[in-house]
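Subject: Structure handover

Hello,

I am passing a structure on to you. Please look through it first; my notes come below it.

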Amino acid sequence: MQKMLYLCALFMRNELRDIWYNNTKVVENYAFMTILQVLNICFYLLIYPFLIRVLGAESYGLYAFALAVVTLFITFVSFGFDLPAAKKIAEHAGDKEQMSRVLSEVTATKIFLEIAALIIYACLFLVSGKMRENALLFGVVFAQTITNIVFPQWYFQGVQRMRVVTYIQVAFKVATLPFIFWLLRSPDDCWIYALIVSASSVVGGLVAWLIVRIKDGLKMHYVALPAVWQSIRDTAPFFLTNATSILKEQGVVLLVGQFLGMSEVAVYDLANKIIIIPRTIFSKINDALYPKMMAQPSPTRRKKILIGEIVVGIVAIALIAAFGYWAVLILGGKAMIASYPVSVILSVTILTWLVAGALIDFYIIPSGKVYYITINQIIAMSVTFLIAGLGLYFLHSVYALAASLAVAGLTEIGYCSYVVIKNKMR
């Protein structure tokens, strides 16, 4: 019996060792992608009690509202390039000429889109009284769109060196702490906080750009306008998917601010911060596994991943329900306790990001039928705004708006499952 147990233990040790050695890059990429996101979130959670007490719910809510508006522009400039570009970089890893070509095309197209975004922003500024009243704040936050051009995170994901991104972002986040605690004194200093965040983001992006150009030796090539248009056409399906997803998420924030007030935006924002750590940790599993699954597809492995992510998602919801109250109390105090039920409702989106993400990344995308992804997001966005509209009309409550995202998430899982089964994507 002892010999059998010894042999079993030896077998398991060897199996685990083989899994580690065969997937070292995947594990490292996942670890740094996850660490990066978690540290980013933890950074803002760390300073949140200070911010909410110094700036106040109304002023902080205004910043969150401005960030929601600018996030739509960031999504427009990104235009869905990140995943296809990371895939191209992974396919041509080591070929500097091809990687330089990808870098040039993506960068040139994003500069073109940045100019278009600036024109749209200017037009929106002219018609929005809220933006004109807070012109400095909105302008400073809008500067974050530049980061999307100069920080090629997709490149580091493609070459599986996310540790570089992690080091840069963590270093610049830590460097901002003295300025935040030193310069912020009242709600009127909200724009200063926005300036600190935007400046660290842009400068960090420039450092990443120098690493790609100097250390990695990639060159910039001239990109003709027809090539820019071709890049836009090629990534349009990914843009539509990303845009509808972001519009759904940020649209709820905008509805809260427009119809319920900036203090309610702060309530919703804190709830979102509570659930975003587990959602980020678990959703990054799919991102890290993506290159490996594309190179070595396996129906059995896909099924095991999907089952595991369903279980993880349900456990995450239970943990939010059990500990979310205390998290809200510690971060925001009793004045922000309304964020707890909102966080429980939003926790359903953890399951959505995991399960729907796995179905999309490992089943739908490899099948080549990416138009289903766009349809999925359009359906989810429609469900979100339908329920949000009904919730505002009948309940006029932030809970109803949070519920719209939860229901839309379950709709995504249902539709993606239907597509996979219907098309026999095994």
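This is a predicted model: local features need pLDDT of at least 70, side-chain atom pairs count only at pLDDT 80 or more; totals for chains, interfaces and linings use all residues.

Residues are numbered from 1 along each chain as its sequence is written, and side-chain values use heavy atoms, with hydrogens and water left out.

Cavities

The structure holds 2 cavities of 30 Å³ or more. A cavity is a set of points, on a 1 Å grid over the protein atoms alone, where a 1.4 Å probe fits but cannot get out; a pocket is an open set with protein on both sides within 12 Å along at least five of seven lines, and lining residues have an atom within 4 Å of a point. Grid points are joined across faces, edges and corners, and a volume is the space filled by probe spheres set on the points.

The second largest cavity has a volume of about 40 Å³. Its lining consists of Phe43, Tyr44, Lys173, Thr176, Ile180, Ile196, Val197 and Ser200. Two or more of these residues come from each of α2 (24–54), α10 (162–183) and α11 (190–215). Helices (H or I, at least four residues) and strands (E, at least two) are DSSP runs, numbered from the N terminus. By class, this lining has 5 nonpolar, 2 polar and 1 charged residues. Here Ala, Val, Leu, Ile, Met, Phe, Trp, Tyr, Cys and Pro count as nonpolar, Asp, Glu, Lys and Arg as charged, and the others, Gly among them, as polar.

The largest pocket has a volume of about 320 Å³. It is lined by 19 residues, of which Pro84, Ala85, Lys88, Asp234 and Thr235 are the closest to its centre. At least two lining residues each are supplied by α4 (82–91), α5 (96–127) and α12 (225–259). The lining divides into 11 nonpolar, 3 polar and 5 charged residues.

The second largest pocket holds about 230 Å³ of space. Among the residues that line this pocket are Pro299, Leu306, Tyr363, Ser417 and Arg426. The elements giving two or more residues to this lining are α14 (299–332), α16 (348–367) and α18 (398–422). Its classes are 8 nonpolar, 2 polar and 2 charged.

Leu306 is found in helix α14. With a relative accessible area of 16%, Leu306 is buried (under 20%; exposed is over 50%, partly exposed in between, with a 1.4 Å probe and protein chains only). Leu306 lies 52 residues from Ala358 in sequence, but their C-alpha atoms are 6.3 Å apart in space.

The bent helix

α12 has 35 residues, yet its end C-alpha atoms are only 42 Å apart, short of the 51 Å that a straight helix would reach at 1.5 Å a residue (the expected span is 1.5 Å times one less than the number of residues). α12 bends by about 55° at Ala236, and Pro237 follows within four residues; the bend is the angle between axes fitted to the seven residues ending there and the seven starting there. After α12 comes Gly261, with a positive phi near 110°.

Other residues

Most residues other than glycine have a negative phi. His396 is not a glycine, but has a positive phi of about 50°. His396 sits in the loop between α17 (371–394) and α18, and is partly exposed at 48% relative accessibility.

Cys190 is buried at 5% relative accessibility, and Cys416 is buried at 1%. The count of disulfides is 0, a disulfide being a pair of cysteine sulfur atoms within 2.5 Å.

Regards
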